[in-house]
Amino acid sequence: MINENTLNNLLKWRTFKTNVHLAANQLKLSDKDATQELLNELISHRFKKYTASQLAELVTTHDANLGWAITYGRLDLISKHYKQLGKRAQMEHAAELEDVSTGIIKLADDNGNTTCISEFKLQQVVAQFPTNKSRLFVDLTLRYNKLETMAVLKINAKQYQRRLRNVTAYAVKHSDKFSLVTDRERDSRLYTLNSLNSLFSIIDQRGDIQSWVDSHTKLVNELLADSDVHYQGTIIRAFNQASNKDKYSFVRECIKEQAKAQLWLDQSNETIKLLGEKTCD
C-alpha cells in the first residue's frame, strides 16, 4: 500500500508532522507513538482509496486534498479515542469533542505557532478576497503555510512573496469588510443556527439523534438550562430513553432557539447591507 520512499516523504511533510504533534498533545502520547497511531488510521481508512503509485505522487506534490485527508484522519483518531473512553469521558472532554464535530482546525505558522479557527469562519474570511486565484492562495497559505502552498500552486519563493503582499494589501485596504465576518457574537449565532438546522434534518430523516447530542454537548447543555425538560441527564446520555414529554420539551426549546438565531442573523445581515450601501455612497 505504502512503500518506504513514500513513507519517508510523508514523515517529512509539514502537514503530517503538525497533525502528529497535535494528536500527541490531545492523546497525551509521545510524538513517536502518535506517528504510529496516525499512520495506522490513515493506512486503514483515508489512504485505502489510493494505489501505491497514486499515493506516492500525491505525497510528493503535497496535494491539498491529501493534506485534508491527513487532518481528518487525526480528527477520526481523536474522536475514536474519546468514544472508547465512554460517556463519562465524553462529557468530561466535551470541548475536545465539540472541536472535532464542528470543524475546529488549528492553523500553524512556519514557527510552529498555532491559532484555532472554525472551518466555517475560515471560509468566511477567505470568501472576502476578490478572485478565485486570491481566495485559493489565502486558503492554502492559512491551512498549509508557505512551502506547501508553493508546491501545490507550483510557484517559486519570489512569486509567493508577491502574491502574499497583494492579498495582505487588499486585507488592510478593506479592513472594515473583514471585520464584519470576524465578530464573535455572529459566529456564535451562526453556529447555533447551523447546528439546529442539522438536528432538524436528522429528525426529518429519522436519523441518529444521540450522535448529534454527543457531538454538541455544550450547546445541548445550554438549551436544557432554559427548557422545561425534567430529566435532563437522560436527554444527554440516552435520548431515545427519555420520556416523550421531555423529548417534546427539548425540541420546542430547539425550535425557539433556532428562530431567535435566525431573527438575529436576519437583522444583522440587514444592518451589514445598509452599512455597505452607505459606504458605497
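In which helix does Ala157 lie? Ala157 lies in helix α10, where a helix is a DSSP run of H or I with at least four residues, numbered from the N terminus. Before we go on, please note that this is a predicted model, in which local features need pLDDT of at least 70, side-chain atom pairs count only at pLDDT 80 or more, and totals for chains, interfaces and linings use all residues. Residues are numbered from 1 along each chain as its sequence is written, and side-chain values use heavy atoms, with hydrogens and water left out.

Let us stay with Ala157 for a moment. With a relative accessibility of 34%, Ala157 counts as partly exposed; buried means under 20% relative accessible area, exposed means over 50%, and partly exposed is in between (1.4 Å probe, protein chains only). Along the chain, Ala157 and Lys146 are 11 residues apart, and their C-alpha atoms are separated by 8.5 Å.

Rings of Phe, Tyr and Trp (its six-membered ring) pair if their centres lie within 6.5 Å; planes under 30 degrees apart count as stacked, over 60 as edge-to-face and the rest as tilted. The structure holds 3 such pairs. One of them joins Phe129 and Tyr170 in a tilted arrangement, with 5.7 Å from centre to centre and 35° between the planes. Phe129 sits in the loop between α8 (119-127) and α9 (132-153), while Tyr170 belongs to helix α10 (residues 157-173), so this pair links distant parts of the chain, 41 residues apart. Both Phe129 and Tyr170 are buried.

Another tilted pair is made by Phe137 and Tyr160, at 5.2 Å centre to centre and 50° between the planes. Because Phe137 lies in helix α9 and Tyr160 in helix α10, the pair ties together parts that are 23 residues apart in sequence. Phe137 is buried, with a relative accessible area of 2%, and Tyr160 is buried too, at 4%.

Now look at the surface. Lys133, Lys158, Arg162 and Arg165 gather there in a patch of positive charge. Such a patch is made of residues with over 30% relative accessible area and no salt bridge, with like charges joined within 9 Å. The largest share of this patch, 3 residues, comes from α10. Arg165 is in helix α10 and is exposed, with a relative accessible area of 54%.

What about opposite charges? A salt bridge is a side-chain nitrogen of Lys or Arg within 4 Å of a carboxyl oxygen of Asp or Glu, and a search of the whole structure finds 3 of them. In one, the side chains of Arg46 and Asp76 meet at 2.9 Å, N to O. This pair links distant parts of the chain, with Arg46 in helix α3 and Asp76 in helix α5 (residues 64-85), 30 residues apart. Arg46 is partly exposed at 30%, and Asp76 is partly exposed at 23%.

Lys256 and Glu253 meet in a salt bridge at 3.4 Å, N to O; being 3 residues apart in helix α16 (residues 244-280), they are separated by about one helical turn. Lys256 is partly exposed at 42%, whereas Glu253 is buried at 6%. Lys260 forms a salt bridge with Glu257, the closest N and O atoms being 3.3 Å apart, and these residues too are 3 residues apart in helix α16, about one helical turn.

Methods
Helix = DSSP H or I, 4+ residues; strand = E, 2+ residues; numbered from the N terminus. Patch = residues over 30% accessible without salt bridge, like charges linked within 9 Å, V, L, I, M, F, W, Y side chains within 5 Å. Areas by Shrake-Rupley, 256 points an atom, 1.4 Å probe, with all protein chains shown as cover. Lys, Arg positive; Asp, Glu negative; His and termini not counted. Charge placed at Lys NZ, Arg CZ, Asp CG, Glu CD.
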